[in-house]
Amino acid sequence: MTFHDLKANRREILTSVGAGGLTLAFAMASKAEAQDDGLKPLNAYVQVAPNGKVTIQAKNPEVGQGIKTMLPMLIAEELDVAWEDVVIETAPNDPKAYGRQFAGGSMATPLHWEELRRVGAVARAMLIQAAATAWNCGPGDCTTAPGEVIHTASGKKRTYGSLALACANVTAPDPKSLTLKDPKAYRIIGKPKAQYDVAKIVTGQPLFGIDIRRPGMLYATYEKAPVFAAKVAGADLDAAKSVKGVRKAFIVEGDPNAFSPGGGAIGQGLMPGVAVVADSWWAARKGRDKLNTKWAEHPTSKQSSKLYAEQAKAMAAGKAQRTARNDGDVDAALKASAKTVEAAYYYPFLSHANLEPQNCTAEFKDGKLEIWAPTQFPEPGRQLTAKTLGMKPEDITVHMIRGGGGFGRRLANDYMVEAAWIARETGAPVKLLWTREDDMAHDHYRPAGFHYFRGGVDAAGNVTAWHDHFVTFGEGATPAPSAGMSGAEYPARFVANCRLEVSSMPLGVPTGPLRAPGSNALAFVMQSFIDELAHAANADPLAFQITLLGTKDVVGEAPAAYGAGRMRGVLQAVGEMSGWANRAKLPKGEGLGVACYYSHLGYFAEVAHVAVAADGAVKVKKVWVAADVGSQIINPLGAINQVQGSVLDGLSEALHQAITIDAGRVEQSNFTDYPLMRISEAPAVEVKFLKTAFPPTGLGEPALPPAIPALTNAIFAATGKRIRSLPITPDMLKA
Amino acid sequence: MAYTLNVNGKAVSADVDGDTPLLWALRDTLGFVGTKYGCGVAACGACTVHVDGEPMRSCQIPVESVGKAKISTIEGMAAHPVGKKVQAAWMELDVAQCGYCQAGQIMSATALLAKTPKPNDAQIDEAMNGNICRCATYVRIRAAIKRASGQKEA
Ligand code: FES
Ligand code: FES
């Protein structure tokens with residue numbers, strides 16, 4: 001009997017857990033539901049087997065952030081079980097039992113730190129109660145060591161495995177009534193743990209969405225219009241079907257509301273296209289090559305990156321559409337400033353480029369759909385699929401499968417609804433796999449953006465005025481997904497005269513969250529312009545940053561509170577780590593740059609060391625990272641990996657990546673024209689976590705944003721040339 | 001038609017068109033799904049296998065051209081004297097994030113160490129530059145190659 005069979009019968013109890021008042025739908029087994037062999041899970045997450053093995057459910061999708069390992073560590077710690085005895089399973093998509101199951105926003109740590117430790121504590125208390133009943137003593141007379149309950153006075157022991165059956169008769173205590181461990185006693189939390197699936201990864205076992213196989217499964221490819229959401233005007237389906245192995249070829253009308261050309265929409269639905277289904281994926285592709293698909297005209301087919309830039313420039317010259325913040329009197333302050341700087345910044349669209357192209361396997365049988373999806377957010381996918389196919393959500397099961405990279409792309413479920421549609425139409429299990437070219441042409445891109453800055457400093461080196469007119473994309477006042485900016489964007493609230501303005505133009509390109517959404521672009525422009533002001537003031541850029549942060553520990557109120565003291569702490573630390581004070585001794589053509597950024601509840605300061613050659617080639621020699629994500633690093637091995645990867649990801653974006661639009665379509669198609677960083681370019685990344693008294697927060701994203709301005713500020717230090725447009729090209733830096 | 005291939009020391013038969021890339025014959029027909037598809041144009045290295053010991057991009061090799069060459073995939077590395085050391089180092093350092101590129105990385109690293117038992121940084125760069133890691137685990141890939149070759153890691 002598997003864990004999930006057991007859980008199929010259960011009583012659900014809503015339990016409110018945690019300091020944040022989070023409500024977790026928490027499933028507790030009841031006596032009446034005991035299975036034939038008497039074994040049942042202690043709760044939705046934990047089951048103890050007679051042999052002492054403890055199976056723990058990993059509730060969130062795994063896309064490389066290490067969550068399948070980390071969340072069970074929290075439970076195992078408080079349960080008091082040896083890590084070697086833990087078996088981890090990926091939980092079913094079941095929001096009633098597990099609450100929201102998603103991989104996004106670096107939220108898993110802050111959302112589960114308290115809650116899942118309490119889940120483990122509850123299970124431990126149940127085991128203790130079972131032993132106490134057997135020994136005819138009170139639970140207070142017992143304690144635990146990993147995997148066993150001990151009677152304190154006599155030293156008698158019972159293994160967890162031997163109590164597995166007896167636990168069926170124990171009522172779960174109120175999680176809030178339990179005392180959690182003193183962190184000093186941790187045996188698992190804070191200890192380096194390799195990813196649970198590491199052996200499968202290095203031996204090439206089936207693990208990913210693309211590896212799913214079902215009996216009788218066919219393979220599908222799906223061709224969509226290069227101009228987003230354009231309809232199919234015609235396709236040579238018979239030619240496709242004439243290819244050996246091709247079983248079906250058909251046109252999909254798509255959902256007319258799948259995509260709004262004005263602003264795009266995350267979670268976009270079924271786009272029009274042509275499906276080819278075959279015995280093998282290669283045959284499907286060969287069939288597709290013969291389709292010669294014609295696409296209908298589309299209103300956005302005239303759009304281009306060039307036109308966006310021209311439009312942005314024109315809009316910047318006029319009055320801004322909206323004011324996000326207006327403190328003091330920026331114009332008067334600029335007039336009174338000792339020095340002023342004006343600068344225009346630009347960053348391009350970016351693609352997520354998960355190394356595993358989007359894919360999904362679906363099987364439609366007797367009115368029910370079963371789906372295997374490498375998704376970061378299964379439940380909205382299930383709802384979208386139900387809506388699009390006119391089915392009831394309860395007739396659809398979504399299995400969360402490991403994704404070969406997430407980065408935000410898999411928060412949307414367009415591939416899921418496509419696979420479901422094609423599978424139902426085909427009447428057989430179907431694995432839909434996008435080509436790399438499909439993936440690059442049909443992303444939800446990080447939106448491009450334009451910033452027009454004015455700033456001033458006084459003779460003492462204080463920032464006196466800050467003005468940003470952000471020209472972005474959107475429909476009216478609603479920004480396209482991930483294209484907005486809040487009125488609290490730093491250094492707002494730290495500069496007395498501060499104006500943030502926003503204007504938007506319509507967009508025919510779908511956009512969405514890319515790792516550290518918003519921040520991955522805003523950090524570059526804000527932190528670069530602060531560095532410009534520092535140099536205008538003839539100040540040490542790091543000292544200038546610390547001065548700008550003021551003397552208060554916290555500025556603003558939750559949820560927009562800014563821990564200025566924490567940021568000063570990481571800036572100071574990174575200065576020490578990097579030998580910032582000695583930077584004048586670097587050879588010509590080399591420099592250090594510093595940047596800091598707060599996102600996803602984490603405070604990060606980074607220093608990059610670069611060398612720029614006469615031909616303009618940039619070599620990043622090293623990056624130092626000082627991070628404050630609170631009191632506890634849960635899995636140091638995973639944490640460092642996330643930070644190093646985020647930093648290199650940011651450098652890769654800055655040095656290489658741009659998606660450009662022409663005639664309404666994406667111009668790039670593969671890693672040949674959308675290059676990613678390779679090992680020869682990857683610098684060492686030294687990471688230090690400052691332990692502070694704050695609750696632990698996540699690490700999937702916040703190390704990325706400051707890496708980019710640390711790099712561009714280092715380039716300025718090395719060359720005197722200011723990077724105001726990404727990606728960086730050697731042309732910008734030729735001597 | 002049916003092609004007889006030597007994969008990980010065993011003769012296997014793949015009934016596919018001759019122009020089918022080895023990658024797809026391995027994955028979809030023969031069930032060796034450890035070898036991954038990333039780009040299809042020799043730009044990412046996810047599909048790296050050994051052909052007579054040489055690291056090659058299986059997305060670029062039509063099945064009809066394989067002939068009697070010995071193919072090794074990630075599934076065969078545990079039985080490869082160097083491959084198993086590389087796998088062990090990869091596990092010890094917990095190199096992977098999503099893990100999708102890592103089969104290709106291990107295949108390239110194994111081929112490198114089979115020829116160059118103690119590679120320096122430049123040799124590592126040269127041998128590994130064809131393998132993209134989108135999660136950018138490069139710091140640990142380098143360290144794992146050093147460890148597998150018995151060299152100091154930093
Ligand atoms: S799939 Fe062969 S090199 Fe990318
Ligand atoms: S670990 Fe994700 S691509 Fe390398």
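The exercises below work through a predicted model with chains A and B.

Residues are numbered from 1 along each chain as its sequence is written, and chains are lettered from A in the order in which they are written. Local features need pLDDT of at least 70, side-chain atom pairs count only at pLDDT 80 or more, totals for chains, interfaces and linings use all residues, and side-chain values use heavy atoms, with hydrogens and water left out.

**Exercise 1. Describe the contact between chain A and chain B, and state how much area is buried there.**

Step 1. With contact meaning heavy atoms within 4.5 Å, chain A contributes 59 residues and chain B contributes 52 residues.

Step 2. Buried area is the accessible area (1.4 Å probe) that two parts lose on being put together, summed over both. For chain A and chain B this is about 4600 Å², and carbon and sulfur atoms give 58% of it.

Step 3. On the side of chain A, the most area is lost by Val202(A), Leu355(A) and Ile679(A), together 17% of what that side buries.

**Exercise 2. Which polar and charged pairs cross this interface, and which helices of chain A take part?**

Step 1. A salt bridge is a side-chain nitrogen of Lys or Arg within 4 Å of a carboxyl oxygen of Asp or Glu. The interface of chain A and chain B has 6 salt bridges. One of them pairs Arg27(B) with Asp211(A), with closest N and O atoms 3.0 Å apart.

Step 2. A polar contact is a pair of N or O atoms within 3.5 Å; within protein, one must be able to donate a hydrogen and the other to accept it, and residues adjacent in sequence count only if both atoms are side-chain atoms. Across the interface, 30 residue pairs are in polar contact, both residues at pLDDT 80 or more.

Step 3. Helices (H or I, at least four residues) and strands (E, at least two) are DSSP runs, numbered from the N terminus. In chain A, α6 (198–203), α8 (281–289), α13 (436–441) and α17 (636–656) each supply at least two residues of the side that touches chain B. The largest share, 8 residues, comes from α17(A).

**Exercise 3. How are the strands β6, β7 and β8 of chain A arranged?**

Step 1. Two strands pair if DSSP finds at least two bridges between them. These 3 strands form an open antiparallel sheet in the order β6-β7-β8.

Step 2. The edges are β6 (142–145) and β8 (157–159) of chain A, each pairing on one side only.

Step 3. Strand β7 (residues 148–151) of chain A pairs with β8(A) over 3 bridges. Val149(A) has Arg158(A) in β8(A) as its bridge partner.

**Exercise 4. What separates Glu114(A) and Arg118(A) along helix α4 of chain A?**

Step 1. Glu114(A) and Arg118(A) form a salt bridge, their closest N and O atoms being 2.8 Å apart.

Step 2. Because the two residues are 4 apart in α4 (residues 108–135) of chain A, about one helical turn separates Glu114(A) from Arg118(A).
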